[in-house]
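Here is a friendly walk through one part of a protein model, from a single side chain out to the whole chain. Please have the viewer open as you read.

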Amino acid sequence: LQQRELLARLEPLRDELETPFPGAVLGNPEGSVTLVEFSDYACGFCRTSLADVLALIAANPELKVVIREFPILSEDSAEAARMALAAASQGRYAAFHQALFAKDGPSPANIEAAAREAGLDLAAARAAIARGTFEPSLQNNVFLAQSLGFTGTPSWVVGERVFTGAVGRDEIARAIAEAGEAAT
């Protein structure tokens, strides 16, 4: 019953959920199977899950991973999410995402260091953040997460499967395989 109710909430949101903020995607942007991850840069489980996501991408050239910035743990994670979307708008999302998760949390110094490592135009990024360019996207991610009952990160959607937490590569791989079979 809970699964049916969740699917009833998921289906009307699916197109919006699986359409990334422009550039906020890992893997194959045109992939036939979509994994959605709600993530927070202050979340240790999200950091740990990145290796699983990268391995899944390497194993499946048809995998598109839509990252939904869901900064719920700290103000620093909200600042990191804004910079991540700025990175996406500059075509540097994957580089920023990986650089920041390689650091010890989303402090202002780590956010700036990751942005520099990713090759961002920091002046343009800061200007876009100051204009509030990314706030509608962040607010929409909160709406989507609440609509699906997510209260923590990482949270995942693939096909008809929904997970919360660091569930591991094998569990997500099974869901990706099921979604791939359903798509064909």
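In this predicted model, the side chain of Lys 103 makes a polar contact with the side chain of Glu 117, at 2.6 Å. Lys 103 sits in the loop that runs between helix H5 (93-101) and H6. If you set aside its neighbours within four places in sequence, Lys 103 is in contact with Arg 47, Asn 110, Ala 113, Ala 114 and Glu 117.

Now for the helices on either side of that loop. Two packed helices are described by the angle between their axes and the distance between the axes. The table puts two pairs side by side.

| Helix pair | Angle between axes | Distance between axes | Handedness of crossing |
|---|---|---|---|
| H5 and H6 | about 140° | 8 Å | right-handed |
| H4 and H6 | roughly 15° | within 10 Å | right-handed |

Next comes H4 (residues 75-89), whose axis crosses that of H6 (residues 108-117) at roughly 15°. That angle makes H4 roughly parallel to H6, since the cut-off for this label is under 35 degrees. Here H4 contributes Asp 76, Glu 79, Ala 80 and Met 83, while H6 contributes Pro 108, Ile 111 and Ala 115. The contact of H4 with H6 counts five nonpolar residues, two charged ones and no polar ones.

Finally, zoom out to the whole protein chain. It has nine helices and five strands, which follow one another from the N terminus as α-α-β-β-α-β-α-α-α-α-α-β-β-α. The radius of gyration is 16 Å, close to the 16 Å given by the globule rule for 184 residues, so the protein chain is as compact as a globular protein of that length. Along its principal axes, the C-alpha trace spans about 45 × 30 × 25 Å.

Notes: Residues are numbered from 1 along each chain as its sequence is written. This is a predicted model: local features need pLDDT of at least 70, side-chain atom pairs count only at pLDDT 80 or more; totals for chains, interfaces and linings use all residues. Side-chain values use heavy atoms; hydrogens and water are left out. Axes are lines fitted to C-alpha atoms, for helices over the stretch in contact, and angles run from 0 to 180 degrees between N-to-C directions. Helices (H or I, at least four residues) and strands (E, at least two) are DSSP runs, numbered from the N terminus. Angles under 35 degrees count as roughly parallel, over 145 as roughly antiparallel, 65 to 115 as roughly perpendicular and the rest as oblique. A crossing is left-handed if the near helix is turned anticlockwise from the far one by less than a right angle, and right-handed if clockwise. Contact means heavy atoms within 4.5 Å. Ala, Val, Leu, Ile, Met, Phe, Trp, Tyr, Cys and Pro count as nonpolar, Asp, Glu, Lys and Arg as charged, and the others, Gly among them, as polar. A polar contact is a pair of N or O atoms within 3.5 Å; within protein, one must be able to donate a hydrogen and the other to accept it, and residues adjacent in sequence count only if both atoms are side-chain atoms. The radius of gyration is taken over C-alpha atoms; the globule rule is 2.2 Å times the number of residues to the power 0.38.
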